[in-house]
Structure formats: C-alpha cells, structure tokens
Amino acid sequence: MTTAPAALDADRPVTGPEVGGVQRVSGPVVVARGMLGARLFDVVRVGHAGLPGEVIRISGGDCTIQVFEDTTGLRAGEPVVSTGGPLVAELGPGLLGSIVDGTGRPLALLAGGTPQSPANPYIPRGADPARLDRAQHWDVRPAVADGDLVGPGDLLATVPEGMLEHRVLVPPEMRGLVTRVRSGSMTVTDPIAEVDGIPVPLLRTWPVRLARPFAQRLPLMRPLVTGQRVIDTLFPVALGGVAIVPGGFGTGKTVLETSLAKFAAADVIVYVGCGERGNELTEVL
C-alpha cells in the first residue's frame, strides 16, 4: 500500500514501520499486539502473506485490524507491519476504463492477463501492484509557461485519455511560480512541471477518507437526461444531484442502474458493485 503525501497528512508524522504480532484471529478481524506507534486507520500488512488491512480500533497495546482479504491459514505470532499511513487512492491518467477492487488494485493485473483476456480467476493473496501503469506513456500538453504564478486548482496541463481530456491541476497545498514546464511523451511518475522548484507529476495520491477540496458548489440548474422516460418525466435528476433507487429483492434495481450507465447523458460512469451477483456484473460489463 502507498501512503499519503506528507503535505496532506502533516499532523500524522511517519516515524517508521511499527511491527507487532498476531494475537487473535476471528474471520476478517485480527487483533495484533506490540504496535505501540500505530494510529487509527493506518494500513497494515498482516502475516507472512502480507495481507492488507486497516486499524479500526486501538485499546492499550492491542490494535484491532480489519483485513481486506481471506485470513484462512493465518496463525498467532505472525508479524503485522504498519505502513505508517492511511489507505490512499492513486489518481491520474489510466484510471478510466479499468476494473479495480475495493482498495484500487487493477483486477486484470492481479489476474496476470489483459483486460480483454484475464488469465487467472483468483486473486493472489497479499498482492500489492501499482494502481496505475508506470510504463505507459501519455501525451502531455502544457497549459502554463515558465514564470506563471499558479495556485491550488489552476490548470497545469492536459492529457488526451480516450475521448476525454484529462486535466492536470495544481495540488491543493501548492502555490508559487512555475519554474519549469515539460511536454511530450511522459509516464505518470515523470514531473510535468515544477512549482517553486517542487516537481509535479501526473500521478497523485489521496487519502480515501479525506474529502477532495473544492472552490464552490455549483447550483443545480440543469437536468440529467437519463434516457428513461419515466424517470425524466416523473422523477427528474439534476446534474450534480443525488438520487436513490429503493426496492426489494428482484425488483430491478441493478437493471435500472445498468440502463442509466448505458444511456444517461454523462461522459464518465463510475460503477461501484457491492454485494452484486456475478451474473449482474457480467451484464454490466
């Protein structure tokens, strides 16, 4: 697991990995002892397999950990290592179009195949691949020049990503003069610009429990055309608004969500499947 940048987590200084040991295992919940420097919501690696987990409770010298994977075979005494930071998401070009698990790991990469032809239907335990492809190159087109004064949210560059334009913005904690600008083919880890000498790459990491900042909320003035006449006529949804689809088992909630994903007037659809049946997700794909 990667950790949050220091600027976003300044009140939680990283003092180094805290190592403890498994004391008790109950399903996906593990109690570890000896991790005196661990903090709430720190990401940890549990056991010899390095199973990812998160600290959800601290009581004295014991840490209660929610493990994200199957704990079968985990035994008392195995090591538990803290990464020193919370769970973060990797943001940047290459995220659109991918299929990831709950921690952001690309399933096609875990399977050892390609998105069109996955090789292994089972995810290896403890796998921790890079969330975004570090080898893929992107065409970076600068929107600033040397000497420009920029602040949080200002546009630095654009990157074509499929039919869309990925916009690279100045990070929320950064402000200053642009001292260097680069263009052309680059990977997500290459710095595309420098602000007061600090490199700014395409790749950003962000803690999942920390809300993204914004300048202002736009008024809900325009409707979102869903393509379903009964919704657009009787239950209209606004652009930027929120809607809910309640209903009992087998009443067609997932079918309606699939129809919205297919026909709604939106450029990007992010589908989160939690507790869905396999055949329903197959239909979505």
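User: What makes L96, V268, V270 and V272 a nonpolar patch on the surface?

Analyst: In this predicted model, these four residues form a nonpolar patch with about 390 Å² of accessible area together. A patch takes residues with over 30% relative accessible area and no salt bridge, and nonpolar side chains are joined within 5 Å.

User: Why is V270 called exposed?

Analyst: The relative accessibility of V270 is 70%. The cut-off for exposed is over 50%, so V270 counts as exposed. V270 is found in the loop between α3 (253–263) and α4 (278–284).

User: What makes R209 a charge over a ring, and which ring is it?

Analyst: The ring is that of F41, and the charged end of R209 sits 3.9 Å from its centre. The limit for CZ of Arg is within 6 Å of the ring centre, together with an angle within 35 degrees of the ring normal. The charged end of R212 likewise sits over a ring, that of W206, 4.4 Å from its centre.

User: Which residues touch the most other members of the largest nonpolar core, and where does the core draw its residues from?

Analyst: Of its 14 residues, V30, M35, V44, V46, I65, V67 and V80 touch the most other members. Two or more residues each come from β2 (29–33), β3 (42–46), β4 (51–59) and β5 (62–67). The largest share, three residues, is from β5.

User: What share of the protein chain is buried?

Analyst: Buried residues make up 33% of the 285 residues, where buried means under 20% relative accessible area.

Technical notes: Residues are numbered from 1 along each chain as its sequence is written. This is a predicted model: local features need pLDDT of at least 70, side-chain atom pairs count only at pLDDT 80 or more; totals for chains, interfaces and linings use all residues. Side-chain values use heavy atoms; hydrogens and water are left out. Patches are made of residues with over 30% relative accessible area and no salt bridge: like charges are joined within 9 Å, nonpolar side chains (Val, Leu, Ile, Met, Phe, Trp, Tyr) within 5 Å. Accessible areas come from the Shrake-Rupley method with a 1.4 Å probe; for residues, only the protein chains shown count as cover. A salt bridge is a side-chain nitrogen of Lys or Arg within 4 Å of a carboxyl oxygen of Asp or Glu. Helices (H or I, at least four residues) and strands (E, at least two) are DSSP runs, numbered from the N terminus. Buried means under 20% relative accessible area, exposed over 50%, partly exposed in between (1.4 Å probe, protein chains only). A nonpolar core is a set of buried Ala, Val, Leu, Ile, Met, Phe, Trp, Tyr and Cys residues joined through side-chain atoms within 4.5 Å.
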